[in-house]
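Here is a short report on one protein model and its ligand.

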Amino acid sequence: MEKQTTESKSSILRLLPSIDDLLGTEAARALLPEIGRKRFISLARNAADSVRREIQNGSVQNSGSSTTFSRESLLTETAARLGNAWLIERNSRLRRVINATGVIIHTNLGRAPLSKSAIKAIVEEASSYCTLEYDVETGTRGKRGARAENLLAELTGAESALIVNNCAAAAFLVLTVFASGREVIVSRGELVEIGGDFRIPDVLTQSGAILKEIGTTNRTKLSDYEKAISDNSGMILRVHPSNYKIVGFTETPNLTDLAELARQKGLLLYEDAGSGAMLDLNRFGLTDEPVITDSIAAGADIVSFSGDKLLGGTQAGLIVGREESVEKIRKHPMYRVLRVDKLTYAALEGTLDEYSRGTALTKIPVLKMLSVSKAELDERTRQFAQKLTDSSRVNSDLEFAVIDASSVVGGGSAPAVQPDTVNLALSHAKLSPVKLEQMLRNSEPPVIARILEDKVLIDLRTISENEEGELLDILRQLK
Ligand SMILES: *Cc1c(COP(=O)(O)O)cnc(C)c1O
């Protein structure tokens with residue numbers, strides 16, 4: 001680029017387009033209905049400002065080959081920047097993605113995808129006026145979330161249930177209601193951090209409870225609990241250390257014995273189960289996940305768990321337990337702060353209906369993905385690879401192979417479980433794995449894949465059959 005004198009700079013600056021000039025271009029006019037006038041003006045100003053700054057410091061790049069600036073070339077350049085800024089903004093919206101990572105409960109990708117029945121309940125029932133707090137039978141005010149709560153109580157064998165914003169809220173609420181100003185007895189092995197910002201000791205402090213830690217990181221005995229009980233004890237807390245596992249020389253009392261101790265001493269036993277399986281998932285390798293029915297049967301007074309982990313529904317904190325305790329929580333002012341909206345109740349009702357019907361394993365996506373066998377995945381992946389071969393152009397630079405790999409449960413559940421899977425391993429004659437992964441991420445919809453040993457891996461376990469066609473189209477376009 002030629003060096004510009006001050007005088008030539010100011011003469012170029014005079015050629016910069018105005019907002020009206022930009023609005024006059026066909027490309028910009030086409031965007032206007034989607035962007036809206038006010039937002040358009042703001043983006044147009046930013047685009048013109050960036051060009052102006054670059055002219056002033058002599059670094060502007062003309063998008064054409066010419067090095068001389070004209071009114072027209074600056075208009076084209078500014079309009080291009082405006083279009084690009086809008087594209088980036090549009091792409092930053094909440095978007096559907098194809099999860100090719102094999103991580104079933106992917107927290108960054110929104111944890112559990114919803115079942116058809118949950119989606120139907122949201123779209124067809126709750127998104128309109130609905131019976132959130134209305135009893136059509138009597139024409140009077142009804143109880144909020146009653147059916148979802150009744151289903152939850154029935155499915156877990158608990159006397160009563162209550163639904164709040166998430167499991168962190170549930171833990172905070174339970175501790176606030178029952179242990180504020182009192183000691184909460186918890187094993188050192190369970191003082192865990194779940195995700196970046198949920199730490200059991202911090203939630204305890206925040207709720208006004210006093211942490212009474214007992215035992216050691218790897219071993220805590222029933223007698224440790226017994227010795228810690230005093231007049232100031234509020235409850236015994238059992239936390240499922242969801243995202244990590246202590247192996248080797250370990251010991252922790254079972255829930256039945258803890259419940260018996262709590263009963264004898266007149267204390268509440270509260271279990272924060274975290275993921276909380278509604279079904280026994282032993283046969284899929286999830287041997288350490290607490291099954292909520294078992295926790296209730298063992299005598300826990302209150303159990304809390306997430307709605308969007310292994311349950312396979314939407315974000316929510318589910319509290320089940322003794323009626324007296326649950327009603328006490330419901331009457332606390334903090335419940336009003338942490339309650340959920342109609343969309344959440346609808347999603348949970350739709351999800352829980354599948355459990356009631358006995359169809360959870362086939363109809364709830366996370367359970368379906370968890371229970372699919374390696375043989376089925378092998379078959380599906382080979383068929384997919386065959387379709388890709390059939391439709392790829394001759395001399396395509398995209399290479400792929402079907403390989404053995406392992407999936408991840410995710411969402412802070414079952415850290416030691418890595419279900420066997422079969423992946424499509426991609427490489428490209430002209431693109432690095434990093435570039436290939438980036439191109440997939442920038443496709444429509446974005447395909448989120450992982451890189452292992454210089455291959456980009458596609459795990460069909462976390463991709464629904466409906467998405468396969470889209471994925472095939474995207475891969476074909478990589479040429
Ligand atoms: C995941 C988890 C939480 C937090 O649940 P959210 O629904 O994400 O708030 C709390 N406790 C345990 C043990 C967990 O595993």
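Which of the 13 residues around the ligand come nearest? They are Ala168, Ser242, Asp272, Ser306 and Lys309.

## Basis

This is a predicted model: local features need pLDDT of at least 70, side-chain atom pairs count only at pLDDT 80 or more, and totals for chains, interfaces and linings use all residues. Residues are numbered from 1 along each chain as its sequence is written, and side-chain values use heavy atoms, with hydrogens and water left out.

## Ligand contacts

Polar contacts are pairs of N or O atoms within 3.5 Å. An N or O atom in the side chain of Ser306 lies 2.7 Å from a ligand oxygen. The backbone takes part too: a polar backbone atom of Ala168 is 2.9 Å from an oxygen atom of the ligand. For a backbone N or O atom of Cys167, the distance to a ligand oxygen is 2.9 Å.

## Pockets

A pocket is an open set of points on a 1 Å grid over the protein atoms alone, where a 1.4 Å probe fits, with protein on both sides within 12 Å along at least five of seven lines; lining residues have an atom within 4 Å of a point. Volume is the space filled by probe spheres set on the points.

The largest pocket holds about 1,500 Å³. Its lining has 48 residues, with Pro113, Leu114, Pro365, Met369 and Glu467 nearest the centre. Helix H17 (365-371) is among the contributing elements and gives the most, 4 residues. The second largest pocket has a volume of about 830 Å³. Of its 39 lining residues, Arg238, His240, Pro241, Thr252 and Asp288 lie nearest the centre.

## Cavity

A cavity is a set of points where the probe fits but cannot get out. The count is 1 cavity of 30 Å³ or more. The largest cavity is lined by Ala171, Leu175, Phe198, Ile200, Val203, Leu237 and Tyr270. Helix H8 (167-179) and helix H9 (200-206) each give two or more residues to this lining.

## Local features

Most residues other than glycine have a negative phi, and most peptide bonds are trans. Arg111 is not a glycine, yet has a positive phi of about 50°. Arg111 sits in the loop between strand E2 (103-105) and helix H6 (116-126). A cis peptide bond, with omega about -5°, joins Glu444 and Pro445. Pro445 is in the loop between helix H19 (433-441) and strand E17 (447-448).

Key. Near = heavy atom within 4 Å. Polar contact = N/O pair within 3.5 Å; in protein donor to acceptor, adjacent residues only side chain to side chain.
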